[in-house]
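Hi,

Here is the structure I promised to pass on. Please have a look at it, and then read my notes below.

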Amino acid sequence: MNPREPARRLDPHSDQATRGWRGLPRWGGALALLAVAAFAGYQVAMQTGLARLREAADHRLDMLATGLDADLARFDYLPALLEMTPLVPALLGTPSDTRLRDSVNRYLDGVNAAAGAEMLYVLDASGTSLAASDWDKPGTTVGQDLSFRPYVIDALGQGRGRFYGVGITSKKPGYYLSYALRRGQASRGVVAVKINLEEAERAWRKLPGDVALIDQRGVVILSTREDIKFRPLLPLDALQRAEVLRSRPYGEAALQPLRWTQKEALDRDVQVISLDGVDQLASARTLRGAPWQLVVLDNLAPLHLAARNAAITAGLAMTVLLLVAVALWQRRRAVRQKLANQAALQAAHDTLESTVAARTAQLRAAQGELVHAGKMAALGQMSAGVVHELNQPLTAMRTLSESAAILLDKNRLDDVRGNLERIRGMVDRLARLTSQLRTFAYKSELPLAPVLLSHAIADAQVIVAEASRKHRVAIEVDVQPATLSVMAEEAALGSVLANLMRNAIDAMQDAPVRKLRLQARPKEGRVLLSVTDTGPGIRPDILQRLFEPFVTGKAAGSGLGLGLVISAQLVRSMDGTLRAANLDGGGACFVIDLPAAIAVIHDSSSQPPVSDAFSIAQQE
């Protein structure tokens, strides 16, 4: 024998390692395909989304730029119009005439009300405001020296001026148009109009994305975002700062530069920028009527999210394709393996037949033993149930007979007769109970009739009277209304109540407070009857299987665990339910849900009072 041959057969790890190394190229190729599919999906979704955003931004820019140009141009005629009014040149000739100044103020107010500008005013050649449309309002320009403002300087030097800035007196930003009033070549004064652009800014807020208006210094002068207003895109140089200090176009703004970084230029007027760390698509448009740029900002975070989702979808699609390919390959391998295993399966089948025959014989023998054991268990359960159900009425009869003897000694014959009537009722109940137990195995339906709950509870109290007295348990009954009735079988309902009350009394033997409470209320055509105690409650491991046969929380020899099983079955036969739970403050609660009786049962006057018989039993 070749000594190397056993070594090859006894080294399976070497074969597994070899197969693993051979599979690495396949895994690498699959991962590469997934990466390519995800990258392609991301790029396609990103480019498609950017194209849609650019198209929507162009449409918004066309609409916004046209509206803003119209707002700026519709007041161009106003300064020249005032030059043709004799009042204004007259005021420039005699600025000290108060009556003439008042007339000009009122005239300017009327013209401004018709035009819709924010303010209209007249300045002399030195730049001092002589009259204004808001002469009677706080913050008026009348008497203010505005010679340092660029629009006054441009109007006096060049004939016209334009300027955007914060008002010196009103502290409100606006767009100023100015027109020089001349006599010959000399400028006699300036007519200026202030236009409020905040209405346009408020209209921008109704559109998607953010909008910003940037002046010639790169400072945002209007925006739908308050946090970027009066802030430059880049820090201002020394010359610009000196000009800003002289003309004060931005009021008291600190001119803190924005965190504005260009990341990618998609076109001449379209860029991907980072604003405060958030990627934005910035689309710009230069206005015709002013040296400003209108910029529309669109947040790219939703677009990045959509592109990532597209990448994930493409990767999943490629994964599905790869899995389908692997499944087809595995299927071919499985077919070959199946053909190879058929011979081994045939041999195993012959051996299995003999094993199955032997096991079948053993199972038949075991089945006979289980059937016999089941019959014995059923017989024992039925016997225990009979003893359990007969014991409660017999106990009640004993209590009533002992109570009758005491009453007889006291010559209370009416009460004795009442106890005898109750004993006769107990005998009738035993007869019905034995009839029910006789037919219990055949699942016969109980005859249902209206039963007054107060009577059923009183009968159950009599049955448990001795136990409640012995263990000093206080019983409270609360039935509202007093005539509340249910559809039930009287004997079965009394048996269920007596069983629940006896269990509650047994549970409270060691409790410091021993109170048994029965409460009944109608609810939507049914009646809920609760039996609660102040005992330790039901153990969690028993609560889950409480209504199973032979499950009990009592000590060994104290109960068989059949009372609640029989009670639950009796309640079900009366079209009801029985459930149990532990109370938060301690104790257990059993709830019986039965259909309410349509007719109201009234107490019969011939029946002796329950309270007398129960009090005698308590005094014994």
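Just after helix H15, Asp575 takes a positive phi of about 60°. Please keep in mind that this is a predicted model. Asp575 is not a glycine, and most residues other than glycine have a negative phi. You will find Asp575 in the loop that runs between H15 and strand S17 (577-582).

H15 itself spans residues 563-573 and is mostly covered, with 9 of its 11 residues buried. Among the buried ones are Leu564, Val565, Ile566, Leu570 and Val571, and Ser567 and Ser573 are buried in H15 as well.

Is Asp276 buried or partly exposed? Its relative accessibility is 27%, so Asp276 counts as partly exposed.

There is also a peptide bond to look at. Gln480 and Pro481 are joined by a cis peptide bond, with omega about -5°, whereas most peptide bonds are trans. Pro481 is found in the loop between strand S13 (474-479) and strand S14 (485-488).

Next, a pair of helices. Helix H11 (residues 453-463) packs against helix H13 (residues 490-507) at an angle of about 50°, and their axes are 9 Å apart. That angle makes H11 oblique to H13. The crossing of H11 past H13 is right-handed. On the H11 side, the residues that meet H13 are Leu453, Ala456, Ile457, Asp459, Ala460, Gln461 and Ile463. Their partners in H13 are Glu490, Leu493, Gly494, Leu497, Ala498, Met501 and Arg502. By type, the residues of this contact between H11 and H13 divide into 9 nonpolar, 2 polar and 3 charged.

Finally, some totals for the chain. The protein chain has 16 helices and 18 strands. Of its 620 residues, 39% count as buried.

Best wishes

Conventions:
Residues are numbered from 1 along each chain as its sequence is written. This is a predicted model: local features need pLDDT of at least 70, side-chain atom pairs count only at pLDDT 80 or more; totals for chains, interfaces and linings use all residues. Side-chain values use heavy atoms; hydrogens and water are left out. Helices (H or I, at least four residues) and strands (E, at least two) are DSSP runs, numbered from the N terminus. Buried means under 20% relative accessible area, exposed over 50%, partly exposed in between (1.4 Å probe, protein chains only). Axes are lines fitted to C-alpha atoms, for helices over the stretch in contact, and angles run from 0 to 180 degrees between N-to-C directions. Angles under 35 degrees count as roughly parallel, over 145 as roughly antiparallel, 65 to 115 as roughly perpendicular and the rest as oblique. A crossing is left-handed if the near helix is turned anticlockwise from the far one by less than a right angle, and right-handed if clockwise. Contact means heavy atoms within 4.5 Å. Ala, Val, Leu, Ile, Met, Phe, Trp, Tyr, Cys and Pro count as nonpolar, Asp, Glu, Lys and Arg as charged, and the others, Gly among them, as polar.
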